[in-house]
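Hi,

Here is the structure I said I would pass on. Have a look at it first, and then read my notes below.

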Amino acid sequence: MSGPEPEAGPQEGSGSVGAETADLVAARRAAGGDRGDVGRLAATVERLRREVRAAQSAADGRSLIEMAKGVLVGRLGCGPTEAARQLASLAGQSGTSVLQLSVEIINQAARDRVSDVAAEFLERTAAESDGPDGAAAVRLRAAESGLLSATDAQAVAVALLENALAPLGALGVAIWLAGSDASLTLAGQAGFTEEEARRWHYAPPEVATYARLALTERGPVFVSRLSDSAMPSIGRREHPHGGRIAVPAGTGGRIHGVLEVVWPQPLAPQPPRIVRQIEALAELCAHTLEEPAERVSPSAPGAPPHAAVAELTTLADQLHDPALLLTPILGPGGGLTDFRIHHVNDRFTDPAGRFRSAVRGSSFLEAYPLAAEGDGLLEKLERVYATGEAFRTRRMALTAFIDDVPITAVADVSITRHGAALLLIWRIEDETARLASLLQHAQRLGRIGGFEENVTTGEITWNGQLFSLYGRSATSSPVPLEDLPGHAHPDDVTSISRFLRTLMHYQRDATVAFRLQRPDGVTRHIRIVAEPVLEEDGSLYAVRGAYQDISAQHWTEVALAATRDQLAYSEAESAERSRLALQLQHAIMPPAPAPLEAPGIRIGVRYRPAESEALVGGDWYDSVVLPNGQVLLCVGDVAGHGIEAATGMVVLRNALRGLAVTGAGPAQLLTWLNAVAHHLTSDLTATAVCGIFDPDRRVLRWARAGHLPPILVRGARATAFPLSKGLLLGAIANAEYVEEEVQLEAEDTVMMYTDGLVERRDTSVMESLTQLMELAGRDAVTLESRLDRLLTYSRSDTDDDTCLVGVQVR
């Protein structure tokens, strides 16, 4: 397709020659001819084919020459003989053939799409060579001549392929007729097998093909290679790697179908001139797809409608919805510019309230200029007119101008194409009906029923929701207000009587809540709000109001009240438990006990409770001078919080005191204490450090049960005791503990503590312990100041309670 345009010349003949050949061959064989005779017969057939092609080409050429002669007759005012002589003379002077000159004269006279494309080719070839090459122009006009002589779309397809598209390298042409439902019917084809044509005789609207894509996008679709896409297409099986172009075939803004051209090989990007040439052929093809009744003059927008439009007018008048009948207004070039409001039915309602006569006969944009806004109603009309695919939507805004003031209404819109006309139906939303519907739904959702009772005539009006609230059928009689106590719970009769007296006697608005006892045995909680309606003289005329079913709200309030009571009880119980636990803890371990003087040592204690009183913990400490003169020193931590942890702490602390008077060492004491925690308590676990100080030798014997080891501060250096073996208390029945011995010196300080002093969420315990020893090694004036500093500047962040015991050797 990138090479020079081929010369117009003889083209392949029609199918009649093929049929004649078959008859001749059959007759020859029946006569018993040998193979040499068959060869001569084949040569004769080929000669006949060439003659037929030459005759067809000559006929097309003669028709174009005759058309050019007719143009010269009209322009020069001469006869046919003089026109022929002038045509031959002009061709000789220009150095072109009579056929090419004839095509140029036709193009100048026609000024149509084909003329524009042909002029473009002539200008290009004139710039690229010594003289113009009119082969493309001849092909286009020859194709047009073939289309005019064609009887149907099938003949048009053959003429297009032979005269114009085969020279471009194409091997197949498919002409699709677009249905009103956006379906595609194969109206004509050339270059495909009969089997393939039967397979593709119809493509439903839901089948996506390249022709369907061109129809939807209203523009050319280019496919360089079919194998790059899985989309089904005619001729795909024979040429899976070929290319194709699908172009909408339309006139006057209306698309009648699609012209699809197929190449056997991959298709390179085409220059714009080739694309415009194929678009011009598609426009020629569109005239064949038009219905005969629709071929009216495009330059006469006010021309009388044809029979189809007259029938559509009758149809519009029978519709119960407002309808407008629109006919296309075409510009000088044949393009769609607007629509004429040809007819409006009796039920037509203008958004701005104009009369029908003010709208009928005007252009659509003149009556509704804002319809031209982006994605507005005009765009929908153009699309339906072009493709034939119906359009429907809900709640579209329709705007008209009255004295330069925009008036907008909301409507449900439907657009359908019928021949060359459009039927536009809109149903403008009734605001009163919409609000009434909204009110009904609100009453249904709120379970509200309205009533009005005439006190003079006794007439009572209920809506349907009120019958439902009472559990009565819609055909039953409403219940008067004075009979209301008989339908209520006996305990609510007094409230209802007060309500009726306020409403009927004092003539003031009133409300009451009561229990309605329905005939089906169901009791509903109801609230009535009512007001009196007075005459001009002030006398009571009627009472109107509303019932509301508040059963769900009532039971929700009951459930919430019960929940609040339960929460209040739980909160009080939890507060009491926390108070008792805190009281028990403070009774055993005051937060700041006085220093304890013991033989050879001075003991200081600091206790920091948890940040929240609800987290009362099980941290504990003890120091007791035993009967043998030695001193028991211990720190522990019971797992958990609350009253259970506090009582567990008391059990372990008192048990250790009782066991220590036996004179046993720290390891043995922890063994016995483990048995107490495991057997004599329920699910109690704890950690502890137990030490016994001998003041005579300044020796501290100690053992640990899952607890952090003590810290020894000697001078300006702080070190941790070795991490000896020892499982936490209460984990197993029999646990072994290791006893260690430390020789102390005067002015040494031993720190025993619980994990609340060192625990951090973002730091390991060993790292926190190192930071604690660095802080403990700093110089301190007194033991109490050292303890206060450790408690103040420790880096713990778990908000757990903390116990710290300092033992200073004297």
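The side chain of Thr687 makes a polar contact with the side chain of His707, at 2.9 Å. (A polar contact is a pair of N or O atoms within 3.5 Å; within protein, one must be able to donate a hydrogen and the other to accept it, and residues adjacent in sequence count only if both atoms are side-chain atoms.) Bear in mind that this is a predicted model: local features need pLDDT of at least 70, side-chain atom pairs count only at pLDDT 80 or more, and totals for chains, interfaces and linings use all residues. Residues are numbered from 1 along each chain as its sequence is written, and side-chain values use heavy atoms, with hydrogens and water left out.

Thr687 sits in strand β21, residues 686–694 (strands are DSSP runs of E, at least two residues, and helices runs of H or I, at least four, numbered from the N terminus). Thr687 has 18% relative accessibility, so it counts as buried (under 20% relative accessible area; exposed is over 50%, partly exposed in between, with a 1.4 Å probe and protein chains only).

Now for the salt bridges: the structure holds 24 (a side-chain nitrogen of Lys or Arg within 4 Å of a carboxyl oxygen of Asp or Glu). One of them pairs Asp549 with Arg524, with the closest N and O atoms 2.9 Å apart. Asp549 is in strand β16 and Arg524 in strand β15, so the pair ties together parts 25 residues apart in sequence. Asp549 is buried at 8%, while Arg524 is partly exposed at 22%.

Cheers
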